[in-house]
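Subject: Structure handover

Hi,

Have a look when you get a minute.

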Amino acid sequence: MPFDNVIVIDHPVVQTKLSELRETSADHRTFRSLLNQIASLMIYEVSRDWPTEERMVQTPLEKMSGRVLCKKVTLVPILRAGLGMSDGVLAILPEARLGHLGVYRDEKTLEPVSYYQKLPPDIADTEVLLIDPMLATGGSGSAAIAYLKKAGVRTMRFICLVAAPEGIKALHAQHPEVPIYCAAVDRQLNDKGYILPGLGDAGDRIFGT
Ligand code: PRP
Ligand code: URA
């Protein structure tokens, strides 16, 4: 079932890498590498409608009018697992600044617990990309978006790898204007709040914990 304001990046190369990454047999090195590769590919779609401005370019042969992105970009990974997508985004947008939001899910209540925040002071004037591979109950993403709004951010995009329908509904109940970009919408959550079929615990698979 399609959701409003959810963009599923169903590019065949992204889908191939996602299937490889879901495999239990993918070790940390493989998992990290594939996650960053997918993040790089997703950024093409996410940034498709960003504004550009004219810049004069001197080629070896003549002057021409080129176009360049006209807004700064701030990447905000939700710690820890969001870090697993950061390098992939920075490979495409190396000039982006990074903010960090530390949020973990309490294992029993599944409620988000915020433990760290550091953002660039002028974040509100930039294109903001909030990243986290998993959107499960939506608690962590919603808490991070609420913090960014309190910091003055008016528009942002949420980028994840796998989203659960429950998490999409919960996040959009609080923040309907924030577009969600993902590579897949999976079936459902299990009774422990894990996404099915999902890929397991993203942080543990990235960091080997
Ligand atoms: C994972 C994931 C998200 C959150 C999603 O983080 O990276 O941040 O769970 O779940 P939710 O939508 O139900 O809030 P986790 O709490 O495992 O912390 P970690 O990244 O430090 O491993
Ligand atoms: N966090 C994860 O890392 N995986 C899930 O399936 C749900 C939340």
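In this predicted model, an oxygen atom of ligand 2 is 2.8 Å from a polar backbone atom of alanine 202; I count a polar contact as a pair of N or O atoms within 3.5 Å, and within protein one must be able to donate a hydrogen and the other to accept it, with residues adjacent in sequence counting only if both atoms are side-chain atoms. On its own, ligand 2 exposes 230 Å², and the protein buries 88% of that (accessible areas by the Shrake-Rupley method with a 1.4 Å probe; for residues, only the protein chains shown count as cover). An oxygen atom of ligand 2 also comes 2.8 Å from a polar backbone atom of isoleucine 195, and a nitrogen atom of ligand 2 is 2.8 Å from one of glycine 200.

The residues around ligand 2 (a heavy atom within 4 Å) include Arg105, Met134, Tyr194 and Asp201. By class, that shell has five nonpolar, two polar and two charged residues (Ala, Val, Leu, Ile, Met, Phe, Trp, Tyr, Cys and Pro are nonpolar; Asp, Glu, Lys and Arg are charged; the others, Gly among them, are polar).

Now for ligand 1. It is surrounded by 14 residues, the closest being Arg105, Asp132, Thr137, Gly138 and Ser140. The shell splits into six nonpolar, five polar and three charged residues. Strand S6 (100-105), strand S9 (134-135) and helix H4 (139-150) each supply at least two of its residues (DSSP runs numbered from the N terminus: helices are H or I, at least four residues; strands are E, at least two).

Oxygen atoms of ligand 1 make backbone contacts too: 2.8 Å to a polar atom of arginine 105, 2.9 Å to an N or O of alanine 136 and 2.8 Å to a polar atom of glycine 138. Taken alone, ligand 1 exposes 500 Å², of which the protein buries 91%.

A few housekeeping points. Residues are numbered from 1 along each chain as its sequence is written, while chains are lettered from A and ligands numbered from 1 in the order in which they are written. Local features need pLDDT of at least 70 and side-chain atom pairs count only at pLDDT 80 or more, whereas totals for chains, interfaces and linings use all residues; side-chain values use heavy atoms, with hydrogens and water left out.About that pocket: on a 1 Å grid over the protein atoms alone, a pocket is an open set of points where a 1.4 Å probe fits, with protein on both sides within 12 Å along at least five of seven lines, and a molecule sits in one if more than half of its atoms lie within 2 Å of its grid points.

Cheers
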